[in-house]
Amino acid sequence: MTSTVDTPEKAGRPAHRSGLVAAARAPRWIRYALLAVGLAAALWLPNGLYPAVAVDILCWALFAVAVDLLLGFTGLMSFGHAAFWGASAYVTGLVAIHAGLPFPVAVLAGALAAALLAVPIGYLAVKRTGIYFAMVTLAFAQMVYYVANEWRSVTQGENGLQGVPRALFGLDLTDDYYFYYAILPIVLLGLAAAWRIVHSPFGRVLVGIRDNPARARALGYPVHRYKLTAFVLSGFIAGLGGGLFAVGHRFVSLDVLHWTTSGKAVIVVVLGGIGTLWGAVLGAALVVRLEDWLSFSGFEAIGLVTGGIFVLVVLLFRRGIWGSAVVLARRWLARRHR
Amino acid sequence: MAGQALLSARGLTRDFRGFRAVDGVDLDVAPESVHALVGPNGAGKTTLFNLLTGFLRPTAGRIELAGRDVTGLPPEQVARLGVARSFQITSLFPQLTAQEHVELALQSPSGLGWRFWRSAKLMSRYQDRAAELLDMVGLADLAHAPAEALAYGRKRALELAIALALDPKVLLLDEPTAGMGLEDVDRTVELIARVRPGRTVVMVEHNMSVVGRLADTVTVLQAGKVLVEGPYDEVRADERVITAYLGAADAAR
């Protein structure tokens, strides 16, 4: 019987600290440089793209980050997040149309409604894991879809909510270019909130729950309640995105609640890289841009292309674009240090 | 005896689809004692552990902790009431460092884990205590190694550090020396001996020399039932135990 031998030189190498959130352990200058590049790109975006597409990218970035909060940091794949994105879109639209409030207030109301809706759905869903969790969330999202479809007096059914105003203290935001810069601070706040949640004591518990729920319970953490809280926070952030989307399009259609919207959010996150936040944002930019380009070129089967890319990513780059880039960058840094 | 027990079970039973894994077990763990559960494979030791820690609900019977009925409570509540456990199959968070494991355990009783709006840097308030505990189990130089990079014996030591971080009334150790080399076994026995003053330890253990060195009381389980209970030397000499279990183990040695 030989005794187990440790290899501290392999295990304890401080330069190679693995940990909770892999991306956060990159050297500080790289993190700040990334942040600067990201902010510069966000400020430049409507100058390089059709501004309406840039607005969509911002909304979808929030939506994808919300899904990643669950998928990447809690280990829960929601296949029904359209419920929160769409419910907020409707509530935002209704508040904006009927109350005439500034659009950020309407969006906040929408996001709060989405968070509220996430309480009962999450309460029932977090008792399941894996594919069952995905199915439960999908089932509830379908229920929300049918309620919106039937409740015509409020949602206008298949006609959708028309003429959602972009009111903001008399400012003229009809031009998408200016509207983009009006919503950018809200989006950045939402993204910062997600970043903070991931890098909080709460976020650490979530990652523990993701990696070993039984162990987390043995440590005294009420796993269901943590998951539910993460679910509600995620619903709120998805709601922020959905509300802005409604104001951005000045119109809310049943599409916002359709199951393909939930599926697209998951695709965006997987494509960009699960559990990275940055990847969700990047994935949103790429997918929204690609879909716009395809539809502009008169291509009909958009789903075929995004679906095909999704399959390729899952088969070839399981870490997604951002995750794979991080791995490559790490290797490059390690080689340079040698 | 029942009145003074810190942790006790009465008629504890658990069925799995017609198979009775634990069958009417009465158990009394005296405060500040080391109580070993031994028995052949399939005797129901780990099932009993899972019942005592809330990971399984008993089919019948009752569990009391310091006179309080804790039957059927979920594991996180049992943990909060002061029952910490280690797992037979090492159960860690693969990507977390050793230090992060202990910090997460230390944080658990506080409300800090709910603060999603605060920085994780706040957890550094636990780093001194975490370093102390890691030092105690001999992991000081591996504090920043991810758990998945630790050798087996070190993972077991980390399990112990995490359980101790909860400052439990009762420490339940499921085969703390399973799969260890002799050197690590000695180290673990020393470690348990060092942390036991003032604590109550319940351990499942196959290694009879470990049981002999640590346990005040031994309960022998067989086919889900208590076969014999008593001090180590008495149990070791018991005819029924020798035929059921110890004889085979001694012969193998």
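A: Let's begin with helix 6 of chain A, whose buried residues pack against helix 4 (82–99), helix 5 (103–125), helix 7 (152–155) and helix 12 (259–272) of chain A. Keep in mind that this is a predicted model. The buried residues of helix 6 of chain A are F133(A), A134(A), V136(A), T137(A), L138(A), F140(A), A141(A), Y145(A) and A148(A).

L277(A) sits in the loop between helix 12 and helix 13 (278–296) of chain A. Is L277(A) buried or exposed? L277(A) has 27 other C-beta atoms within 10 Å, so it counts as buried. Its phi is near 60°, a positive value in a residue other than glycine.

Chain A averages a pLDDT of 85, and 92% of its residues score at least 70. Helix 11 (residues 223–249) of chain A has the highest mean pLDDT among the elements of the chain, at 95, while helix 1 (residues 8–11) of chain A has the lowest, at 37. Over residues 1–24 of chain A, pLDDT stays under 50, and the model has 52 contacts beyond four places in sequence for them.

Next, look across to the other chain. Here 37 residues of chain A are in contact with 47 residues of chain B. On the chain A side, the elements that give two or more residues are helix 1, helix 8 (176–198), helix 9 (201–211), helix 10 (213–218) and helix 11 of chain A. Helix 9 of chain A supplies the largest share of that side, seven residues. Sorted by type, the chain A side divides into 17 nonpolar, 12 polar and eight charged residues.

W117(B) lies in the loop between helix 3 and helix 4 of chain B. Leaving aside neighbours within four places in sequence, W117(B) is in contact with R196(A) and S200(A). W117(B) has 11 C-beta neighbours inside 10 Å, so it counts as exposed.

Helix 5 (residues 152–165) of chain B has 14 residues and reaches 20 Å from its first C-alpha to its last, close to the 20 Å expected at 1.5 Å a residue. Because 12 of those 14 residues are buried, helix 5 of chain B is largely enclosed by the rest of the structure. Among the buried ones are R154(B), L158(B), L160(B), I162(B) and L164(B). The buried residues of this helix pack against strand 6 (83–85), helix 3 (98–107), helix 4 (127–136), strand 7 (170–174) and helix 6 of chain B. Helix 5 of chain B is followed by D167(B), whose phi is positive, near 45°.

Stepping back, chain B is divided into domain 1 (1–82 + 170–188 + 200–253) and domain 2 (92–167). The centres of these two domains of chain B, taken over C-alpha atoms, are separated by 27 Å. Their contact takes 10 residues from domain 1 of chain B and eight residues from domain 2 of chain B. On the domain 1 side, helix 2 (75–80) and helix 6 (182–195) of chain B are the elements that give two or more residues. Helix 6 of chain B gives the most to that side, with three residues. The residues of the domain 1 side divide into four nonpolar, three polar and three charged.

Chain B also holds an open sheet of four strands, in the order 2-1-4-5, with antiparallel pairing. Strand 2 (19–29) and strand 5 (68–69) of chain B stand at the edges with a single partner strand each, so one side of each is left without a neighbour in the sheet. Two bridges join strand 4 (residues 60–65) of chain B to strand 5 of chain B. E64(B) has D69(B), in strand 5 of chain B, as its bridge partner.

Note on methods:
Residues numbered from 1 in each chain as written. Chains lettered and ligands numbered in written order. Predicted model: local features only at pLDDT ≥ 70, side-chain atom pairs only at ≥ 80, totals over all residues. Pairing = 2+ DSSP bridges. Domains from an automatic or database assignment. Contact = placed C-beta atoms within 7 Å. Nonpolar A, V, L, I, M, F, W, Y, C, P; charged D, E, K, R; others polar. pLDDT = per-residue confidence, 0-100. Expected span 1.5 Å × (residues − 1). Buried ≥ 20, exposed ≤ 12 C-beta atoms within 10 Å, placed from the backbone.
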